[in-house]
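Thank you for making time for this today.

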Amino acid sequence: MAGPEIKAPPMREFPTVPVMRPDAMGGLKPFIASDKIQADLNFPGAQPAENWQHTHDTAIAKMGELLGQQRALKVYMDSCVHCGACTDKCHYFIGTGDPKNMPVARQDLMRSVYRRYFTLPGKLFPKLVGARDLTPDVLDEWYSYYHQCSECRRCSVFCPYGIDTAEVTMAGREILDAVGYGQKYSNEIIGKVHKIGNNLGLPGPALRDTLEGLEEDVLEDTGIAIRYPLDQKGAEVLLITPSADFFAEPHIDSLIGYGKVFHAAGISWTLSSMASEAGNFGLFIGNQEQLLKIAMRVREAALELGVKRIVVGECGHAWRVAYSFWNTLVGIGDGAGANDPFAIQLQSQLDHRYKQPMHICELTWDLIQQGALSFDKEANDHRVITFHDSCNVARGSRMGDMPGGQFEIPRNIIRAVANHYVEMAPGTTHEQTFCCGGGGGLLTDDLLDLRVKGALPRMEALKLVTDGKGVNFMATICAICKSQFSKVLPYYGYKMGMVGGVHQLVSTAIRLGDK
């Protein structure tokens, strides 16, 4: 039986606060992970209703553990003054009107339980301080609304106290996993990475065949033999890129662009079948053990292949993990925090004349500045381009040596390879960028209604430049953004091919020769 028809909400003429629709999304829940999926990650399976007391005690104990481990989480629980600065900053609240999608309300789902069990006033006078017991209904509410947050952190930009709702969401999901209430989509993907090496479950032989076919396609298109090597020992660069780049549209066009850049610059490089995934969904579920286990595959691949540099492809949260976490997790980075023998071995192997790790945009921009790459900008003249800043790049990382490099470097590349570039409206880009609506482990069709509604603010900003400036191409440097927009653009009257990567534009314009 078909579900209700999914429709995009009407675009607003002005960015007004949406009309409240209490519990509009209260019944929306992603599929729950099976006991097998949970077991693959060493998480417990679903508990029967008669075991509620055990579930209750486990959840409270896990919350106490997280409060003890994460000083910031306790600060976030205690410091909110309900000023309202964040209320209309969430794309899901704007698109759904459900007041529980206000960042402050989403925090309060956990804060009310925290007050009941971890503060003296909440234990003595719960009703006076907004404290409530953890019940099965409260846990269901957590599961629903903590999977209506893409962890984009836009609300934290506007919070005068710097409260990070994404961290609260991650903690909520980690507690849910601890009681057997995990999300199928994210946890199944993590299991695939552990078993095979990438989110899509693409085994090594299939990956090799895909890359060989890609070499044939590029040769036919350009007349030049550009290699897309796999497990090439002694290569200078190990490229860690999202697995969607291997065959999905428009992602593969960026992978083609990476290969052309390496070829034109004469840099030897390789992909790895062991670490054929830049994405790390351990971040989305807030679990450091899973975050570490996935990141460790990159270190093992780098050591095995003997590479000198590690470069990350176009993937938003992957770059945040690489930039902010690889250093202390696995010892990749200058002045690495990890100090186990293998981390020390990797540090002695890597070439520290280069940033470790480096984003593919940093590498390409450096080569452009050195004059190592040349372009035919007119090859992109059929495109009027705008740029969507991806959340985890914008608000969780940096590029280059200057503040704001994560904003300027991708734009500099676009201007170097194309003649027609248009910026979207202030307040919708840079650190205030709106999420695509599909990040944070929500890129699953059982949440498509939420994803379509959550894309509303970005679609409104896009419409201003398509109508007023003739924009027909939106570039981004995130695999999830590309997949999300490809899916939701048609709901707003745009063609799905309107979105693509920055290195898709590079691929179109780059001048090639034998190197």
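Let me begin with what I mean by a patch: patches are made of residues with over 30% relative accessible area and no salt bridge, where like charges are joined within 9 Å and nonpolar side chains (Val, Leu, Ile, Met, Phe, Trp, Tyr) within 5 Å. A salt bridge, in turn, is a side-chain nitrogen of Lys or Arg within 4 Å of a carboxyl oxygen of Asp or Glu. For the charges, Lys and Arg count as positive and Asp and Glu as negative, while His and the chain ends are not counted, and the place of a charge is taken as NZ of Lys, CZ of Arg, CG of Asp or CD of Glu. Accessible areas come from the Shrake-Rupley method with a 1.4 Å probe, and for residues only the protein chains shown count as cover.

Please keep in mind that this is a predicted model, in which local features need pLDDT of at least 70 and side-chain atom pairs count only at pLDDT 80 or more, whereas totals for chains, interfaces and linings use all residues. Residues are numbered from 1 along each chain as its sequence is written, and side-chain values use heavy atoms, with hydrogens and water left out.

With that in place, the negative surface patch consists of D209, E212, E216, D217, E220 and D221. One of these residues, E212, sits in helix α11, which covers residues 204-222; helices (H or I, at least four residues) and strands (E, at least two) are DSSP runs numbered from the N terminus. E212 has a relative accessible area of 40%, so it is partly exposed, given that buried means under 20% relative accessible area, exposed over 50%, and partly exposed in between (1.4 Å probe, protein chains only).

Stepping back to the whole chain, there are 23 helices and seven strands, and buried residues account for 59% of the 515 residues. The C-alpha atoms fill a box of roughly 75 × 55 × 50 Å along the principal axes. For 515 residues a compact globule would have a radius of gyration near 24 Å, and the 23 Å of this chain agrees with that; the radius is taken over C-alpha atoms, and the globule rule is 2.2 Å times the number of residues to the power 0.38.

Now to the backbone. Where are the cis peptide bonds that I want to point out? One joins E249 and P250, with omega about 5°, and P250 lies in the loop between β1 (237-240) and α12 (251-265). Another joins Q356 and P357, with omega about -5°, and there P357 lies in the loop between α16 (341-349) and β4 (358-359).

D23, which is not a glycine, has a positive phi near 60°; D23 is found in the segment before α1 (35-40) and is partly exposed at 48% relative accessible area. N42, also not a glycine, has a positive phi of about 65°, and N42 is placed in the loop between α1 and α2 (52-69), where its relative accessible area of 62% makes it exposed.

How many salt bridges does a search of the whole structure find? The search finds 28. In one of them, the side chains of D133 and R116 meet at 2.8 Å, N to O. Because D133 lies in the loop between α6 (120-124) and α7 (136-145) and R116 in helix α5 (residues 103-118), this pair ties together parts that are 17 residues apart in sequence. D133 is partly exposed at 39%, and R116 is partly exposed at 21%.

A second pair is K482 with E314, whose closest N and O atoms are 2.7 Å apart. This pair links distant parts of the chain, 168 residues apart, with K482 in helix α22 (residues 479-488) and E314 in the loop between β3 (309-312) and α14 (316-324).
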